Structure formats: C-alpha cells, structure tokens
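Hi everyone, thanks for making time this morning.

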Amino acid sequence: RLRINKTDPNTLTEEEISKFVRLDIDPSTITWQRVVDTNDRFLRKITIGQANTEKGFVRQAQFDIAVASEIMAILALTSSLADMKERLGKMVVANDKKGQPVTAEDLGVTGALAVLMKDAIKPTLMQTLEGTPVFVHAGPFANIAHGNSSVLADKIALKLVGEKGFVVTEAGFGADIGMEKFFNIKCRASGLVPSVVVLVATVRALKMHGGGPNVTAGAPLKKEYTEENLQLVSDGCCNLQKQIQIAQLFGVPVVVALNVFKTDSPAEVDLVCEIAKRSGAFDAVPCNHWSAGGRGAVKLAQAVEKAASQKNSFKYLYNLELPIVEKIRIIAQKVYGAQDIELSPAAQSQVDRYSRQGFGNLPICMAKTHLSLSHQPERKGVPTGFILPISDVRASIGAGFIYPLVGTMSTMPGLPTRPCFYDIDLDPATEQVKGLF
C-alpha cells in the first residue's frame, strides 16, 4: 500500500521513513466512536483525554448505541470469516493530515478484531413456542443502521429448508427504512432476491396515522384505539397505501399481514384489508397468531405461498454509479415523499471528502426517525412538500455503505420522561418479575 519496494532500510528517503513509521492521523478527523448498549443521552457528546498521562490530547468524542456500530453492520452483511476479516480491515477510523483514509488494517488490529468476532459470526439457533427453528443473529436497528438479520443466517436457513421451503427474514421499521435498506444494501451484499414482501400493519397504528391522539408508553390507550372508529382507520390507511407503493418500487409482490387486536372490530379489519388490496397488495390477511399461535397465521402462509408463485420483477432503486447526493435525493423523494433534500455545510464537506477518497459508489443507509415518513416524528400519515435536512454524512467502508444523518437523528437514544422501568418490580418472596409486559 505504501508503494515502498526497498529491502534496505538505509536507502529509505525521509518521506518514505515518515510513511513507514507514522500514520500521521489528524485528530480532528477521527470518526471511530465508542459504543455501549444502554440508552444514555449524556454520552452523545463527551470530552476524552483529560488524564495527565494523555499529554494534552484532549478532544470531543461520543458514544453510539451498540446496534449503530459498524462492526454490528459488518456482522450482519458478511458472507464468511474471510470476508468479515477483510471488511474489518477496511473500516476507516480517521484521515491522515494529507486527507487520506486511515483504516483498522493501518492500525494493525484486523487480526485481533477477527479473533474477537470469530464466534459471533455463528448464528444462534433458537425455536418458537411451537418448535419452529429460528436463527437469531445480529441487531442493527433500521433507524440508525440497515436494520436486518444477517446474510449468513438467511443463507443457512435457505439451505436447511430446501428448494421448496420458505424462509421469513425481518427488515425492521417499515418499508420506508428497513425494507428499503434490505433491498438496496442487503440484497446487493447477499445476491439474494426475496419472493414476497410481507407488510405488517395494525388497526391501532393506522388510527394514529389517521389523526388519532398521541400514545404514551405506559399510559392507558385512549378510547379511539379501543373502540370502533372507521373514519380514523380510513384516514390512516393513506400510510399503508404509501408503504405498499414503496414496496412496489422494487417490483416484488406485497402481502399485507393485519395483526389483529381483540379491540379491533370486524368492520375495521375488513376496511383495512379492502383498502390494501385496492391499493395494489397481492392480498391482505387478518392474523391472530398472538392469541392462536401458528393456527392464527395459516391463511397468511397460504397467501404468501400464492404470491411467491407470481412473476418477480425485482430491481434496485438507484444505480451505485450515481453521485452520493443524487442517491440520497432519490431515496428522499421516491421513498419518503420529500420535495427535495438540503445538506448542511458539514454534510456536504463529508460527501466531497468521501467522493475524493473513492467511496462514492457505495449504497446509502439513511439514519432517520422510524416514527414518520418524514424527518419529523410528529408528522403522521403521508407528509408531502417537506425538505429533508441532512445534518451529517458518515461512512461505514467495511460494512459497505455511506450513512447520512437526517435532521436531529441521534445514534445514541435517550429514555423518555417516564421510562418503563418505573413499572418494573420484583416480588422478593416469589422472585416473580412484574411490569415487563
């Protein structure tokens, strides 16, 4: 990499010696963050290097939540131990003073990282209450990472079920985030193409998108969510229609799975299924698996089987050769419904840097709130006419994507004013835990 082919150290020039013994890192460009798997908003910005032993190397840094770590994304996207080791080595941690990227391989830690991750690469085999095998592997949240189970778990599962079997894999947080990243990032990494999109909806969520009152964790639901209200359901189905349209951008048939609560009326359930089918879904099926187990999802399975036999005209949303900003704009306009995007000066500077460094041909992983199609969590339904602000742009080179931060999106969540731990308790006599559900 250094392009130094000499074997006699005495023949090295001063410039070559400098290259050979110093990474010459610019501390202001260090991008590698610490991670912790606990919500702690005070760690969003910290100052490190305060100890006397650090000789004045004080700088501002931050913690991310563990699911936002690039190593988590690599674990979910890798195809083998060799591939994971290569990806770990490619992780860019900073730039040198000439503007060139400094990687984990440059630091000499690739081997140690691979040793730490050599067992984590193996999916965990678990089972449902009814004995169906399940692989649990990786956990990148879709609002701040790519939000999908691992490629390795999918491939092992496909091998186990055989040619006529079905594998259900998750893409978290809606068609606008998890599914979009599944297609544009994970499908590119795995080479796999799904046969069907199963879009999960609930009457309660659609009522909220139709203008229902805010829902606060731990507080009783308002009557709008526990009593029949066809108008709210009808109004909220605009969001479901948009989610179906997003899936159709990729040319894969859609089956809507309506997860039924005991408070949902038959009329509300029928209305959602009717609107979904009218909006282009191959089918829409009420599901009662929460109460009835596997029997409650038999009709859904049958609908998925029929949809899988349909013609699949899968396509990516954008060409990787497009400029970074243009790829961001396509996602913002076609998926979120934005009028346009607006990059902050810092974000534009990072885009320019990554383009210069040769990283412009990577897919995009948007870090955006999961509570709205827009960047504003309070805007439900199908917002339109908004300008999507990009506050920062980061790069996960080992994982293989560029990830812009939308609006005030943070990679370290914070707890609400009234966290649910207030409702959790332990009976010291029986050791019974209360308040978890």
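This is a predicted model: local features need pLDDT of at least 70, side-chain atom pairs count only at pLDDT 80 or more; totals for chains, interfaces and linings use all residues.

Let's begin with the overall layout. The protein is split into domain 1 (9-117), domain 2 (195-313) and domain 3 (324-406). If you take the C-alpha centres of domain 1 and domain 2, they are 43 Å apart.

Now please find helix α15, residues 345-356. Its twelve residues span 17 Å from first C-alpha to last, close to the 16 Å expected at 1.5 Å a residue. Which residues of α15 are buried? They are A347, Q350, V351 and Y354. These residues lie on the same side of α15, because they cover an arc of only 105° around the axis. On the face turned away from that buried side, α15 carries the exposed residues P345 and R356.

Next, the salt bridges. How many does the structure hold? The count is 13, and I'll show you three of them.

The side chains of K368 and D176 form one, at 3.2 Å from N to O. This pair connects distant parts of the chain, 192 residues apart: K368 is in the loop between α15 and β13 (387-396), and D176 is in helix α7 (residues 174-190). Buried or exposed, what would you guess for K368? K368 counts as buried, because its relative accessibility is 0%. D176 is buried too, with a relative accessible area of 4%.

Another salt bridge joins K207 and E268, whose closest N and O atoms are 2.8 Å apart. Here too, distant parts of the chain are linked: K207 belongs to helix α8 (residues 203-209) and E268 to helix α11 (residues 266-278), 61 residues apart. K207 is buried at 1% relative accessible area, and E268 is buried at 0%.

K118 is partly exposed, at 42% relative accessibility, and D119 is partly exposed at 45%. Together with K122, these two residues are linked in a network of salt bridges.

With a relative accessibility of 46%, F421 counts as partly exposed.

That's my tour, and I'm happy to go back to any part of it.

How values were computed:
Residues are numbered from 1 along each chain as its sequence is written. Side-chain values use heavy atoms; hydrogens and water are left out. Buried means under 20% relative accessible area, exposed over 50%, partly exposed in between (1.4 Å probe, protein chains only). Domain bounds come from an automatic or database domain assignment. Helices (H or I, at least four residues) and strands (E, at least two) are DSSP runs, numbered from the N terminus. The expected span of a helix is 1.5 Å times one less than its number of residues. The arc is that of the directions from the helix axis to the C-beta atoms. A salt bridge is a side-chain nitrogen of Lys or Arg within 4 Å of a carboxyl oxygen of Asp or Glu.
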